[in-house]
Every structure is written in structure tokens, then in C-alpha cells.
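Please look through the structure below before reading on. The notes after it are meant to be read with the model in view.

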Amino acid sequence: MSVVVFWNDDREQSGVTLSAVAVASKVAMERNLKVLLISTAYKDFTVRNCFWQENAVMEKIVKGKNLAVENGILGLSRLISSNKIEPNVITDYTHVILKNTLEVLEGYAGVADKTPEENLKSYKEITKIYPSLIATANEYYDLVFVDLNREVDEDIQQEILKQSNLNVYIAAQKLFSLDHYTELKENNPSVKGLKSFIVIGKYIHKSKYNKSNLQKHLKEKKELSVIPLNTLLFEAAEEQGIIDLFFRLNKIKDTTDNNYIFIDEVKKLGDKIIERLRELQVRMRWK
């Protein structure tokens with residue numbers, strides 16, 4: 001049972017959310033693991049649009065009855081605040097995307113009868129429960145992927161990064177973004193050692209700053225991980241079509257096809273995450 005955080009703090013548009021969605025989906029489709037993807041977003045429906053329609057009513061069978069369940073994080077925050085949360089209860093507030101393998105907990109969607117200021121205040125209060133929620137989820141799910149939003153206050157971000165098992169920093173394909181990550185490694189304990197590694201998001205291979213050159217710039221010995229920029233991914237992310245898209249892309253055999261390269265890089269990143277988690281677990285046993 002492990003927590004993997006996808007994040008970025010340099011304000012560059014590097015595709016953190018879609019990277020988290022892609023890897024969580026690919027891992028869940030290929031491995032016999034119970035995966036939860038947690039969005040910490042504020043009124044950002046990117047994750048929702050990847051998997052379900054905006055007007056879809058979330059229903060769960062609770063004690064033999066079909067019940068409509070309120071927005072996931074809002075309902076869970078009330079349980080956690082009253083100390084009534086149990087690990088297996090979390091699934092009552094998630095959207096099941098793939099039975100027994102992939103669930104999604106949506107971020108704060110806002111309340112219709114609240115003002116923008118009131119909604120933002122409510123969101124800030126709710127974000128305080130994320131560390132506790134993530135820790136509880138880690139007792140029930142094999143893998144918890146967290147899409148860490150920049151709107152979360154810095155102290156809570158750092159708490160989440162500290163308690164996670166692995167932090168995946170999604171950088172833009174720019175030297176500035178890479179240099180910022182290098183600086184973070186020197187000053188932030190959450191970015192040091194095997195617990196953290198960098199991934200280039202929205203990667204374009206026909207660029208002067210290709211994988212090889214960026215790897216040299218970072219002085220990385222191992223192959224740099226990337227998530228290629230992919231048109232089909234962005235379209236599917238607007239049409240609740242991520243899972244269908246991945247099933248289609250998995251059938252491509254032409255290794256020179258851009259879509260094959262995209263899904264292969266996502267798979268390699270998922271494999272790297274699993275491998276790194278295992279390596280960290282072994283090291284912990286030897287301590």
C-alpha cells in the first residue's frame with residue numbers, strides 16, 4: 001500500500017493532472033491492484049471530464065438501498081471532522097471507473113448557493129483534511145495517486161509530500177522548469193533521494209530540448225521519463241473517454257506511431273513508479 005503524489009510548484013503548465021490520470025488509468029488497467037486517484041482541485045473539473053459526465057448522479061448501494069451521495073470530498077470531510085471515517089467507507093464517496101481496480105475521488109466542486117468567497121473559504125478548510133484522508137485511504141487501497149493542486153496551502157502541500165511514499169514532479173519542457181527542480185532538490189527534503197523523481201510533461205520530441213539533452217542538463221544517469229503531448233489524450237479528457245482511448249491505443253502495434261509512443265511512455269512511467277516503490281520498501285526493511 002503506497003501513496004504517489006503528482007505535483008509541480010513553478011506555475012508552468014506541465015500537465016500534472018492529465019499525467020496523474022494517464023498513469024493511474026494505465027496501472028489500474030494492467031495490474032491486479034486496487035487504485036484510488038484523489039483530486040485536490042478547486043472547482044476544476046478536468047478529472048471529472050476524463051471519466052464521467054458533469055450531470056451524472058453518483059449513487060451507491062448503502063445498507064441495501066440506492067442512495068445519492070454528495071460530492072465526494074465534501075461528504076468525506078464531514079466524516080473525518082466527526083472522527084467517523086473508516087478506510088472502507090471512502091469507496092462510498094468515489095466514482096468507480098473500473099470495478100475492483102480504479103476509483104476516483106473528485107476535488108471540491110463548490111456549492112451552488114455559496115458565493116465565490118464562501119466556496120473558496122470552504123475549500124481551504126476542506127484541504128486541511130487531505131493528509132488524514134490520504135493516510136486512511138492508504139490502509140484500504142493498494143495504490144493511492146494524488147493530483148496535488150497548487151491551490152492547496154503550502155504547509156498542507158508539504159505535509160502531503162512528506163507523508164507520501166513517492167513524489168513525481170511533472171516539469172515543463174523548459175530549462176527554467178528543470179533548473180527550478182534542481183534548486184528544490186537542494187532545499188526541500190521531499191524532493192531528495194529515491195523518494196522523488198522528475199518527469200517531463202507535455203513532451204514534444206522534435207525539440208531542441210529533447211529527452212537526451214534534458215537528461216544531460218539534469219545530470220541524470222538513468223533515462224528521463226516523459227509524458228508526450230498527445231492530441232487524442234486532450235480530446236478524450238473532454239469527452240469522458242480516457243479508458244476507451246487507452247483500450248484502443250493498447251492495440252497499436254506500429255512502434256513508430258506517435259500514439260504507440262505515447263502509451264508506451266505512460267506504461268514505462270507506471271512501471272518505474274512500481275519498481276521505485278518496491279526498491280524503497282526493500283530499503284526500509286533493511287534499516
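What follows is a short briefing, grouped by topic.

This is a predicted model. The chain contains eleven helices and ten strands. Buried residues account for 52% of its 287 residues.

**The chain as a whole**

- A compact globule of 287 residues would have a radius of gyration near 19 Å, and the chain has 19 Å, so the two agree.
- Along the principal axes, the C-alpha atoms fill a box of roughly 55 × 45 × 45 Å.
- Among contacts with a separation of 6 or more, 76% are between residues 24 or more positions apart.

**The sheet**

- Eight strands make up an open sheet with mixed pairing, and their order is β5-β6-β2-β7-β1-β8-β9-β10.
- The edges are taken by β5 (95-98) and β10; each has a single partner strand, so one side of each has no neighbour in the sheet.
- On average, neighbouring strands of this sheet are turned by 25° against each other, with direction ignored.
- The pairing of β5 with β6 is antiparallel and runs over three bridges.
- Leu98 has Leu102 in β6 opposite it.
- Val96 is found in strand β5, and its relative accessible area of 44% makes Val96 partly exposed.
- Between Val96 and Leu36 there are 9.3 Å in space, C-alpha to C-alpha, although the two are 60 residues apart in sequence.

**Helix α1**

- Of the 15 residues in α1, 13 are buried, so the helix is mostly covered.
- A salt bridge joins the side chains of Glu30 and Lys26, at 2.8 Å from N to O.
- Glu30 and Lys26 are four residues apart in helix α1, which means that about one helical turn separates them.
- In general, an α-helix has 3.6 residues a turn, so residues three or four places apart point the same way.
- Are the two partners buried or exposed, or in between? Glu30 is partly exposed because its relative accessibility is 40%, whereas Lys26 is buried, with 5%.

**Salt bridges between other parts of the chain**

- In total the structure has eleven salt bridges.
- As a general point, side chains of opposite charge can pair when their charged atoms come close.
- One of the salt bridges is between the side chains of Glu103 and Lys34, at 3.2 Å from N to O.
- Glu103 is in strand β6 (residues 102-105) and Lys34 is in the loop between α1 and β2 (35-39), so this pair ties together parts that are 69 residues apart in sequence.
- Both Glu103 and Lys34 are buried.
- Another salt bridge is between Lys211 and Glu223, whose closest N and O atoms are 2.8 Å apart.
- This pair links distant parts of the chain: Lys211 belongs to helix α8 (residues 211-218), and Glu223 to the loop between α8 and β10 (225-228), twelve residues apart.
- Lys211 counts as buried because its relative accessibility is 14%, while Glu223 is partly exposed, with a relative accessible area of 46%.
- Lys211, Glu223, Glu265 and Lys268 form one network, joined by salt bridges that share partners.

**Positive phi angles**

- Which value does phi take in Lys43? Phi of Lys43 is near 50°, which is positive in a residue other than glycine.
- Lys43 sits in the loop between β2 and α2 (46-51), and with a relative accessible area of 40% Lys43 is partly exposed.
- Lys202 is a residue other than glycine with a positive phi, near 50°.
- Lys202 is part of strand β9 (residues 196-203), and its relative accessible area of 31% makes Lys202 partly exposed.

Technical notes: Residues numbered from 1 in each chain as written. Predicted model: local features only at pLDDT ≥ 70, side-chain atom pairs only at ≥ 80, totals over all residues. Heavy atoms only, no water. Buried < 20%, exposed > 50% of the residue type's maximum accessible area, 1.4 Å probe, protein only. Helix = DSSP H or I, 4+ residues; strand = E, 2+ residues; numbered from the N terminus. Salt bridge = Lys/Arg side-chain N within 4 Å of Asp/Glu carboxyl O. Pairing = 2+ DSSP bridges. Axes fitted to C-alpha atoms, helices over the stretch in contact; angles between N-to-C directions. Rg over C-alpha atoms; globule rule 2.2 N^0.38 Å. Contact = heavy atoms within 4.5 Å.
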